[in-house]
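Thanks for coming. Please have a look at the structure first.

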Amino acid sequence: MEISDKQIKKLADYTKLDLDEKEKAKLKKDLSTMLETAKIIKDADTKGVEPLIGVNSNINVFRDDLVENDSSIKNQEQLLKIAPKTKDGFIQVNKMLD
Amino acid sequence: MSLIHLNILELSDKIKNKEISAVEVTRAVLEHIKEKDGEYNSFITVTEEEAIRQAIKVQEKIDKGQLSKSPIAGVPMAIKDNICTKNIRTSCASKMLETFIPSYNATVMDKLEGAGGILLGKLNMDECAMGSSSDTSYFGPTKNPVNTQYSPGGSSGGSAAAVAASQGFYSLGSDTGGSIRQPSSYCGVTGIKPTYGSVSRYGLIPFASSFDQIGPIAKDISGATAVLDVIKGYDPKDSTSVNKQYPTYLDSLVDDVKGMRIAIPKDIMDSPMDEVVREKFEEAIEIFKNKGAIIQIIELDTIDYVIPAYYILSSAEASSNLSRFDGIRYGYRSPQGGNIEEIYRKSRSEGFGQEVKYRVFLGAYVLSPDNYEDYYSQALKVRRLIKNEFDQVFSKYDIVILPSNFYTASKIDELDKEPIHQHSKADNKYTIVANMIGGPAISIPCGFDNNNLPIGLQLIGRQFGEEDIIRAAYSFETARKGCGHG
């Protein structure tokens, strides 16, 4: 199963990854090999089989929409401390719109 | 016997009997870590001052009688660096999270602290838990303390190595496709992957959310079980946590497997493996037979689906989980300028290693609209087929046993870098079954090869079947000790 350069570029766009030529070549090869192995899945007879989404029976687990943590201000300071760049209590990012 | 070589329950008793203090033992282990970790590289972060502070507080609580029911009070440990520890750097062994300091504890960390655990530091691993050698770590590979030319395995390599090297009396690892059991086997220690949903994942930086479980690694099954009893339990903060009554697993440390129905997959017996591994596995079978267990060979129809289904599903989940790492709110942001798109791309490309990129790519491929039906959707259905088959197996048998790995640890400089090759090894498909079906599994030492490298025996149980595999593991360990295997 050959992966095309066009597919590699599309995937790089989806995953927001920049790859150099060497990485692209290696990924192309590794992906192609894995997809060969995955053929058995593609060809499996799954007529009438329900997908298994989770191995236990938990479905739609909710909690009440209540504030649980009182130290919100302290937490905010802590969270800002680990942001790459901040200004005036906000996380600073590069320009989004031209 | 030196203080740091005691097992958990022995140490816990000595602390309760005031023969040793928590501070004394913490200092002794920290000294040992300082001495040896330059060589092993088990630790990414050692929290020396915090460990002593914690030890003092824990000793005060012990003196007041507040921790008398805890089997692990005063026992120093370390945890894998993908488990969040409040105010202590949690890196996932990745450049992406090199500077990440969580503002909260993982639930398991809170539980261990509540039981008098003392944190020594954060342990090395494969980057983002993706790998089986611990050599994809941004902080360099961990070495197997049994023989430092060899890999400890992975992804919880630091967790297994630290326990093997007495750099802590137990550790926590995480297991998505064998990442607790395989390194435990390579390092000669005991590791447990609990039933999915029985240990909270709140605070575990996720790799594949429907496979990941946190579990204990210790020198013996009693120690690992004592830790499991502390970390298990329903957590409302984890929506995949199962709300039920969990038994005390320490009660399963009983040397009795009379009548236990043990299955061995037929193609294990036919698979190529190291001759000494085969010998030790056959010895294990004899031990169980002599103790009155009923052993039968079984055939499995869906086993060849396991590895490809695992790769499709875990990579898809990883691809989604890792999309949160964008260089914006925390973690690595590329210093190269640019617009927002360039920040995302450069931060992620510079922050992630090759194996992580590969899995993210594969995941994106199988989730993309043209391929979703053929791969991801199919794999979900195949997962149901595998689970159905093992539900049948566990309706007739109590546990499944096999060697943890068909070969012993690889030499570090011979580690094959090809991701496919590393992961298609025949033994992996059985190891990964446990994650696929959500069942518990243990790896326990069962001997050494001709190079003195450890060999492991794996026991897999039905969901919530920890009592059976723990009892079987304890029986086995007792028999081996009785024969002077140690």
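Helices H2 and H3 of chain B are roughly antiparallel to each other, a label for angles over 145 degrees. Their axes, H2 at residues 22-40 and H3 at residues 48-63, cross at roughly 160° and come within 8 Å. Axes here are lines fitted to C-alpha atoms, for helices over the stretch in contact, with angles from 0 to 180 degrees between N-to-C directions. Helices are DSSP runs of H or I with at least four residues, strands are runs of E with at least two, and both are numbered from the N terminus.

In the contact (heavy atoms within 4.5 Å), H2(B) residues including B:Leu30 and B:Lys34 meet H3(B) residues, among them B:Glu48 and B:Ile56.

This is a predicted model: local features need pLDDT of at least 70, side-chain atom pairs count only at pLDDT 80 or more, and totals for chains, interfaces and linings use all residues. Residues are numbered from 1 along each chain as written, chains are lettered from A and ligands numbered from 1 in written order, and side-chain values use heavy atoms, without hydrogens and water.

Now the sheet. In chain B, 11 strands form an open, mixed sheet, ordered S1-S3-S2-S4-S6-S5-S10-S11-S9-S7-S8. Pairing requires at least two DSSP bridges between two strands. Strands S1 (43-46) and S8 (294-298) of chain B each have a single partner strand, so one side of each lacks a neighbour in the sheet. From one strand to the next, the twist averages 30°.

Strands S2 (residues 76-80) and S3 (residues 118-123) of chain B pair in the parallel sense over four bridges.

Notes. Parallel < 35°, antiparallel > 145°, perpendicular 65-115°, else oblique.
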